Amino acid sequence: MQSVTLIIDKRLELSTKYKKLLESDSNQVIISRDLLSAIKIIKDSEPDLIIISDSFDDDLSDFCKQVRALTYNMRPVIVALSKSADFNDRINVLNNGADDFLSEPVNPKEFKVRMDAHLRREFETNTDTKLFIPNNKYTQRAIKRKILESTPWAMLYIKIQNFEQYRQAYTELASDKLQQTYAAIIKASIAADDYIGLLEEDSFFVITNPVKAESLAKFLTFAFDNVVNKFYAEHDLSRGYMILQGDEFAGKRANFVHFTISGITSDVKEYNSVSQVLTTLKNLNNIADLPDKSNYIFDRAKISATDSVENPVYNNKVVIYETDDALCTLLHTIFELQGYEAIISQNYAEPDQTPALIIADAGDLEKKNGLNLCYKLKQSDKFRNTKIIVTSIIHDKELVLNTGADLYLPKPYDVANLVRWADSFVKEFNG
């Protein structure tokens, strides 16, 4: 991704000379010869480096102060060029927002080296120190610049699903290694003129061309799924899921990490803002998410899976399977008061509609009706995404979780804790 340098200088010959010195494949140089157009360029392109000369009637220190105020949220490097070599002028300009001051005439070699150093420092400041790729702030800047260009583009939002659960189960050191591995896979898969950066801790962003975007997404899902098993212990691989540790999470089943990739292209729709781009990509990404495998979706193509997609409607249905009449009444009352549509069932029959959450007693040691129901529902496409909490007097965590339950809650349990888990699972179900 090219950095952007803005030269604000009304002198034709000198500004052209400075542009020739600085322009390269990695640095785009824009010249503005009046202050109004300079302000528009700053708002649109968010330059990494702004070079301001005193060729205007405005006081140089005042103009540096205005530019710094205008760019407080992007914080570019500001370099002042002046015919003055007076010490007080230097101090005044630097105190009003400039990062550097050069007196003209300036040696061309020194000028280029200084500006390259400023650009390098600006890029390093916006680089994630763990993954060595641009951070969220710089990525949003890159998106803003790209949507203003006339050349075709494609953008990919790549999210690591279940990343936080993996970190809880395997520690921060292991999650860092996973991030670094996947960042390396993406970097090795894109061209030199493509862009890779971070959006959040669990998501990457790629800007490429629309011709190869879909084939890139297809390759990345294949590559991710082929290395993911290297990040798990043998007992988790044989079990098929993770069990989160600690008092807060003990008994919670967590699926393995997988990736969802959503893509948009400039040839399908015109985008006018960073927020519009990110909202579209994140909504598509939610549709692409499958429970246990990587997947991708584009705004011009169907989802690469056989599952149908329904229009999202918030689901607040909670089905309660409980043989204890008093506890059954208590849970029904509490969930109704919490605003849920609570349904009671005492015969372990399959629900007529798909609820967001099922709370099921495991049953006695012999019949295990709740465990059998849980296993049956998790094998069904209709209930595959429904969250299931199994409560039980059977204190065998793996026996319960192996049926597909999302959480094992041993009896007796704290009802307030059950409600907190229910709130979390219903929100997770609804995305």
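Biologist: What is the order of strands in the open sheet of five strands?
Modeller: This is a predicted model, to begin with. The order is 7-8-6-11-12, with mixed pairing.

Biologist: Which are the edge strands?
Modeller: Strand 7 and strand 12. Each of them pairs on one side only.

Biologist: And by how much are neighbouring strands turned against each other?
Modeller: By 20° on average, direction ignored.

Biologist: Which helix packs on that sheet?
Modeller: Helix 8. It touches strand 6, strand 8, strand 11 and strand 12. The direction of helix 8 makes about 165° with that of strand 12.

Biologist: How do strand 11 and strand 12 run, parallel or antiparallel?
Modeller: Parallel, joined by four bridges. Thr260, for one, has Asn295 in strand 12 as its bridge partner.

Biologist: Now the largest nonpolar core. Which residues touch the most other members?
Modeller: The core has 39 residues. Those touching the most other members are Ile158, Tyr166, Tyr182, Ile186, Phe204, Phe224 and Tyr232.

Biologist: Which elements give two or more residues to this core?
Modeller: Strands 6, 7, 8, 11 and 12, plus helix 7 (163-189) and helix 8 (213-227). Helix 7 gives the largest share, nine residues.

Biologist: Asp236 next. Where does it lie, and is it buried or exposed?
Modeller: Asp236 lies in helix 9 (residues 234-239). It counts as buried because its relative accessibility is 6%, and the cut-off for buried is under 20%.

Biologist: Which residues does Asp236 touch, again not counting those up to four places away?
Modeller: Tyr170, Tyr241, Met242 and Phe256.

Biologist: Switching to strand 16. How many of its residues are buried?
Modeller: Six of its six, residues 387-392. Both faces are covered. Lys387, Ile389 and Thr391 are on one side, with Ile388, Val390 and Ser392 on the other.

Biologist: What joins strand 16 to strand 15, and what joins it to strand 17?
Modeller: Five bridges join strand 15 (residues 357-361) to strand 16, and the two run parallel. Leu357 has Lys387 as its bridge partner. Four bridges join strand 16 to strand 17 (residues 407-410), also running parallel. There, Val390 stands opposite Tyr408.

Biologist: Last stop, helix 14. Which of its residues are buried?
Modeller: Val415, Leu418, Val419, Trp421, Ala422, Phe425 and Val426. Seen down the axis of helix 14, the buried residues fall within an arc of 165°, so they line one face. Arg420 and Lys427 are exposed on the other side.

Biologist: What do the buried residues of helix 14 pack against?
Modeller: Helix 11 (325-337) and strands 15, 16 and 17.

Biologist: How far apart are the end C-alpha atoms of helix 14?
Modeller: They are 21 Å apart. That agrees with expectation, because 15 residues at 1.5 Å a residue should span 21 Å.

Biologist: And what phi does Gly431 take, just after the helix?
Modeller: A positive one, about 70°.

Definitions and conventions:
Residues numbered from 1 in each chain as written. Predicted model: local features only at pLDDT ≥ 70, side-chain atom pairs only at ≥ 80, totals over all residues. Heavy atoms only, no water. Buried < 20%, exposed > 50% of the residue type's maximum accessible area, 1.4 Å probe, protein only. Pairing = 2+ DSSP bridges. Expected span 1.5 Å × (residues − 1). Arc of directions from axis to C-beta. Contact = heavy atoms within 4.5 Å. Core = buried A, V, L, I, M, F, W, Y, C linked by side-chain atoms within 4.5 Å. Axes fitted to C-alpha atoms, helices over the stretch in contact; angles between N-to-C directions.
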